[in-house]
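Subject: Structure handover

Hello,

I am passing on the structure below, followed by notes on what was found in it. Please read the notes with the structure open.

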Amino acid sequence: MARRARFKFRIYVAGEALNSVQALANLRSICLIHLPNRHGIEIVDVFKQPERALADGIFMTPTLVKLSPSPATRIVGSLSHLPTVLQALGLEAVAA
Amino acid sequence: MRNVFPRKQRFKSLTKAKTGVVGFDAITGGGLPQGRTTLLLGGPGSGKTVFALQFLAHGANAHKEAGIFVAFEEASTRIMNNAASFGWKLPELQRRKKLYFMDAQPLPNLVQSGDFDLGGMLSALEVKIKETGARRIVFDALDVLLALLPDLAAERREIYRLHAWLLAHDLTAIVTLKSGADDSYSISQQPFGFMQFMVDCAVILNHGVVTGVSQRSLRVQKYRGSSFDENESAFLIGASGFEVAVAHALTRADSKVSSERVSSGVQRLDTMLGGGYYRGASVLVTGFSGTAKTTLCGAFAEAACKRGERTLFVCFDTNSTEVVRNLSSVGIRLDRYVKNGSLRMISARVITGSAETYLVRIKALAKEHRARCVVIDPVSAWSKSGSDLSAQSVADRLIDWSKGDGTTLVCTSLLDEMSGQGEGGSQLQISALVDTWIHLNYLMQAGERNRGLSIVKSRGTSHSNQVRELILSEAGVNLADTYTAGGEVLMGTLRWEKERAERAAHEVAEVAEKLKTVRLDAEEAELEVRLKSLQTELVAKQVEKDLLVRTTQSEKGEASRGRTQMKELRGADAATERRKGHRHG
């Protein structure tokens, strides 16, 4: 079922901060490998849209939110540890 | 990190932001450093959140400074509920946008992978700061967030980022961090230690247990650019929040000294003291149990209320209503003053906790009641709870406070009969600090116990050196002179007997005198009678003598007349004489 589902991501970044740039790159590479053609990424720069960070309760950047499929998941950090990220996103079966 | 340095206030002299925490502003000479960061360290339950929240509430309520509370550990609704009893009107402040809570608890399902930073939070906060114009900010339990960071370097970096951000926005901030329970030194480990060096002010809260009694204390560890009280100060979390007990403010002029006298409530005691206690003096009444210490306090309280002075009466040993009832048996009527509100009786058995707790409560009550006279009966109850050392320092502060406030303080101290302290002083050693020390004692004599009162010391007043007997009766409290006989003081029945004996002796002497007067009167009367009879006799004698003279003369006259007549009759001698005359002529 997870195979067919389309993944919607939102990633909150802090401008050009190193870990934000890294997270975005890591997310893109994960999507490319595991979710080709069935993902959408929304990028929110908290420096440009601080109200959204406030409204969404984002205190640490970068934060990746998996909006769908449910359950919604939050991953904080540069997403540098791949197994953790995949496990959190429910993608480890695919990785195997 | 563009604005690492604050723009303008680099060369401004340090201004301070009042925290509204009673005592803390005194310790630090005005509060926390304005526009700078203060680190608040403490173990679990040490009062970090309460302190921080009070800082914000006070800023909003008293200084119209909006504040932001960033909660990393507890949900803001729970914090609000917990603080509801302090009366800081938090929901109202929230409505008026004077206080903003930001819930920044990491969600339990949060996954962390790789490095992150606080950029999101800070930019979100910037929105709020612009919106509310906040001047104060609290980061509560920052350690929760820091623990998520992958390494020490990242922790350091984020602390530095936060600090720089705070300075750049000229915010007065409190950052609270947990420290290991009971060990305030573990916090010097990284990275909190690093933070301690970075901030301008660091305050450590401690919560320990000394002989089963909870003791909270606070210490200002550092304060850049300001003097501060470096010692540990006890504090407690009371009905209106955080309260720090301070012995002395850093810059307090010596309190005004009054030479006004106030009555002790016992007329003769006033006389013994040369006019009564001084206004603002501290009076200690020591004695074993049952030596009428409370009665003496009651008399003082009654006299104070009679003068129209508001009075606070704190009793530890007995229920306050019992005290009122018991004192009415010796003619001290306190109930009417309780009714009209000038006297407030507090039964302090309901206050539990350390000596600090008592002091802070009493101070708060006295302030609330606007009391000019305070009675504490007995102050020695303090040494029961917690360590003697802290109780003693509390007693010191009690006296210090009452002096600074101009409050006349009467406290009693129970002496332990078993320890045989005698007049050796009170357990709390406050006898050295008080102005007037009255000692009550039992004197055992001839199968009786009688109460003796003596003034051990009374600064600045001439006072009687005599031991007087304290007599309690329905008519009130009185002091009686005692008899000194053969180096012993006579009291009670012995005194009464002595008095009676003297009265009797006096009567005997009086009767004897009367008797003597009567006898002398009689003698005098007798003499007068004799005098009169002698006078009469004298008169009689004189008359007799007179009569005698006259009789003699008349007899003589008769005789000569007789002779002349005879001669004339004879006609011889007269003619002869007439012839002789003729002859010479």
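Between chain A and chain B the count of salt bridges is zero, a salt bridge being a side-chain nitrogen of Lys or Arg within 4 Å of a carboxyl oxygen of Asp or Glu.

This is a predicted model, in which local features need pLDDT of at least 70 and side-chain atom pairs count only at pLDDT 80 or more, while totals for chains, interfaces and linings use all residues. Residues are numbered from 1 along each chain as its sequence is written, chains are lettered from A and ligands numbered from 1 in the order in which they are written, and side-chain values use heavy atoms, with hydrogens and water left out.

The interface

Polar contacts are found across the interface of chain A and chain B: 14 residue pairs, both residues at pLDDT 80 or more. A polar contact is a pair of N or O atoms within 3.5 Å; within protein, one must be able to donate a hydrogen and the other to accept it, and residues adjacent in sequence count only if both atoms are side-chain atoms.

On the side of chain A that touches chain B, the elements giving two or more residues are helix 2 (50-56), strand 4 (73-76) and helix 3 (82-89) of chain A. Helices (H or I, at least four residues) and strands (E, at least two) are DSSP runs, numbered from the N terminus. Helix 2 of chain A supplies the largest share of that side, four residues.

The two chains bury about 1900 Å² between them, 65% of it on carbon and sulfur atoms; buried area is the accessible area (1.4 Å probe) that two parts lose on being put together, summed over both. In chain A, the residues that lose the most area to chain B are Leu54(A), Phe59(A) and Met60(A), together 37% of what that side buries.

Contact (heavy atoms within 4.5 Å) takes in 26 residues of chain A and 25 residues of chain B.

Strand 4 of chain A and strand 6 (residues 111-112) of chain B run parallel, joined by two bridges; two strands pair if DSSP finds at least two bridges between them. Opposite Val76(A) stands Gln112(B), in strand 6 of chain B.

Within chain B

Chain B has an open sheet of nine strands with mixed pairing, in the order 17-16-18-19-15-20-21-22-23. Strand 17 (343-347) and strand 23 (476-480) of chain B are its edge strands, each pairing on one side only.

Strand 21 (residues 448-458) and strand 22 (residues 468-473) of chain B pair in the antiparallel sense over two bridges. Gly452(B) stands opposite Glu469(B) of strand 22.

Regards
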